[in-house]
Amino acid sequence: MDMNLIQIGGPIGLGLAALGAGLGLGRAVGSAVEAAGRQPEASGKIQVMMIIGCAFIEALAIYAFIVALLLK
Amino acid sequence: MTGTVEHSIDSGLEHVQQSAHDGVEAAREVSHDVGQAAEGAAHEGAKVHHGEHPPELTNFFMLLSTSRLNDEQAHPVAYKLIKPFDNLNEPDPMKSVVHTANQNVLVSMMSVVLVIVVARVAMSKMALIPSRAQSACELVIEGLRDFFISILGEKHGPRYIPFLLALFIFIWTNNMMGMVPIMKSPSAFFANNIVLGIMVFLYVQYTGIRYLGPKHYVLHLLGNPNDAVTWALSPLMLFLELIGELIKPLSLSLRLFGNIMGEDILLGVFAIMGLGIVALLPMVDNPWIGLPLHLPFMFLSLLLGTIQAMIFSLLACVYISLMLPHDEAH
């Protein structure tokens, strides 16, 4: 096999990063939905904060994606 | 004897049919591969370049560089005009980066001109009872202004609003350029984003030095030491704060770049898949139009483009507000 190590390690790293991002996003969205259930009139603000928090968490998985893509 | 002749003719026919069937199968395989590679200029198809360029939807520059005007002998003048924007026929990948830079700078300039034209036309007759275009522009500007002022505070906020608004509108128009059929989004090019990140970094540091004064700025970097323990820890704090300040533009630009480039690649891969599915049909050998499998990702890309522009300017706002002193109540 003439693959170099990055072609095996890149997707594995990306999978691990996606796993972490999935766990974090699940927690974030779960608590946002729960807060909206407690106080439905604040759901607009809660939605905005949830979107912003999700973008932060998603960015970490995207760093791994960029590394796997640019170093292959 | 006729029986054997018939039998041999039948078996020969069977052989011919079998080989014809094999040939059709092989042709279908080849056309499947061709459909997968999509080398033809498809109407809503995607292109895979030679080399390791990731797939993306066809844009104006690809069409230009594969057109018949890109021939040095046949059309020398047009070739000279097209060559700076051509990154398909360039064998040296380093030069291809420069040519891609020309494409992205051109589309960035187009988006700036578009924003200026829209603003001028909407604000040309400013009235107290606004027209539709003016109220749309005012909606965007006032909504963002309130959002940023709520983070920066009423007293010092308004002087940073033009920078943040310009950042948001520029990045949003850049991202939306990728949705227009034959355009590309300049945010998918790393040099575009790292420059924006460096600009935000320099502006935040300049704000800190100008607002806090040089002495308090250095004290802020040392972690505001006020007794012996914190003075002893201050080299460590300096190290951490420097790393934290330097990582901010990198993370900002990488977040934007990764999101937008990932969306482009997603659209390209699903468009290729749609072409591949059409190539599986029996009569088709080089599909020009495929199934629009990338339709849900168009909506996702619209949403993500807006969100990423919002995140970039919001984070710039938060970094500025971290530099300002915290002794103001919100």
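Angles under 35 degrees count as roughly parallel, over 145 as roughly antiparallel, 65 to 115 as roughly perpendicular and the rest as oblique. Axes are lines fitted to C-alpha atoms, for helices over the stretch in contact, with angles between N-to-C directions running from 0 to 180 degrees. The model is predicted, with local features needing pLDDT of at least 70 and side-chain atom pairs counting only at pLDDT 80 or more, while totals for chains, interfaces and linings use all residues. Residues are numbered from 1 along each chain as its sequence is written, chains are lettered from A and ligands numbered from 1 in the order in which they are written, and side-chain values use heavy atoms, leaving out hydrogens and water.

**View 1. Overview of chain B.** Chain B has nine helices and two strands, where helices (H or I, at least four residues) and strands (E, at least two) are DSSP runs numbered from the N terminus. The order of its elements, from the N terminus on, is α-β-β-α-α-α-α-α-α-α-α. Of the 330 residues of chain B, 38% count as buried; buried means under 20% relative accessible area, exposed over 50%, and partly exposed in between (1.4 Å probe, protein chains only). Chain B has an accessible surface of about 19200 Å², and 71% of this belongs to carbon and sulfur atoms. Accessible areas come from the Shrake-Rupley method with a 1.4 Å probe, and for residues only the protein chains shown count as cover. Among contacts in chain B between residues at least 6 apart in sequence, those joining residues at least 24 apart make up 66%; contact means heavy atoms within 4.5 Å.

**View 2. Helices α7 and α9 of chain B.** Two packed helices are described by the angle between their axes and the distance between the axes. Here the axes of α7(B) (residues 190-221) and α9(B) (residues 295-323) come within 9 Å and cross at roughly 10°. The two helices are therefore roughly parallel to each other. On the α7(B) side the contact is made by B:Leu196, B:Gly197, B:Val200, B:Tyr203, B:Val204, B:Gln205, B:Thr207, B:Gly208, B:Leu212, B:Tyr217 and B:His220, and on the α9(B) side by B:Phe312, B:Ala316, B:Tyr319, B:Ile320, B:Leu322 and B:Met323. These residues divide into 12 nonpolar, five polar and no charged. Ala, Val, Leu, Ile, Met, Phe, Trp, Tyr, Cys and Pro count as nonpolar, Asp, Glu, Lys and Arg as charged, and the others, Gly among them, as polar.

**View 3. B:Ile194 in helix α7 of chain B.** Apart from neighbours within four places in sequence, B:Ile194 is in contact with B:Leu250 and B:Ser253. From B:Ile194 to B:Leu252, 58 residues apart in sequence, the C-alpha to C-alpha distance is 8.3 Å.

**View 4. Helices α5 and α6 of chain B.** The axes of α5(B) (residues 132-152) and α6(B) (residues 161-177) come within 10 Å, crossing at roughly 125°. That angle makes α5(B) oblique to α6(B). The contact involves B:Ile141, B:Leu144, B:Arg145, B:Phe148, B:Ile149 and B:Leu152 of α5(B), together with B:Ile161, B:Leu164, B:Leu165 and B:Phe168 of α6(B). By class, nine of the contact residues are nonpolar, none polar and one charged.

**View 5. Helix α2 of chain A against helix α9 of chain B.** The axes of α2(A) (residues 43-70) and α9(B) come within 10 Å and cross at roughly 90°, so α2(A) is roughly perpendicular to α9(B). A:Ile51, A:Ile52, A:Ala55 and A:Phe56 of α2(A) meet B:Ile307, B:Gln308, B:Ile311, B:Leu314 and B:Leu315 of α9(B) in this contact. Its residues comprise eight nonpolar, one polar and no charged.

**View 6. A:Ala55 in helix α2 of chain A.** With 5% relative accessibility, A:Ala55 counts as buried. Leaving aside neighbours within four places in sequence, A:Ala55 is in contact with B:Arg255, B:Ile307, B:Gln308 and B:Ile311.

**View 7. A:Leu16 in helix α1 (residues 5-38) of chain A.** A:Leu16 has a relative accessible area of 55% and is exposed. A:Leu16 and A:Ala64 lie 48 residues apart along the chain, and their C-alpha atoms are separated by 9.0 Å.
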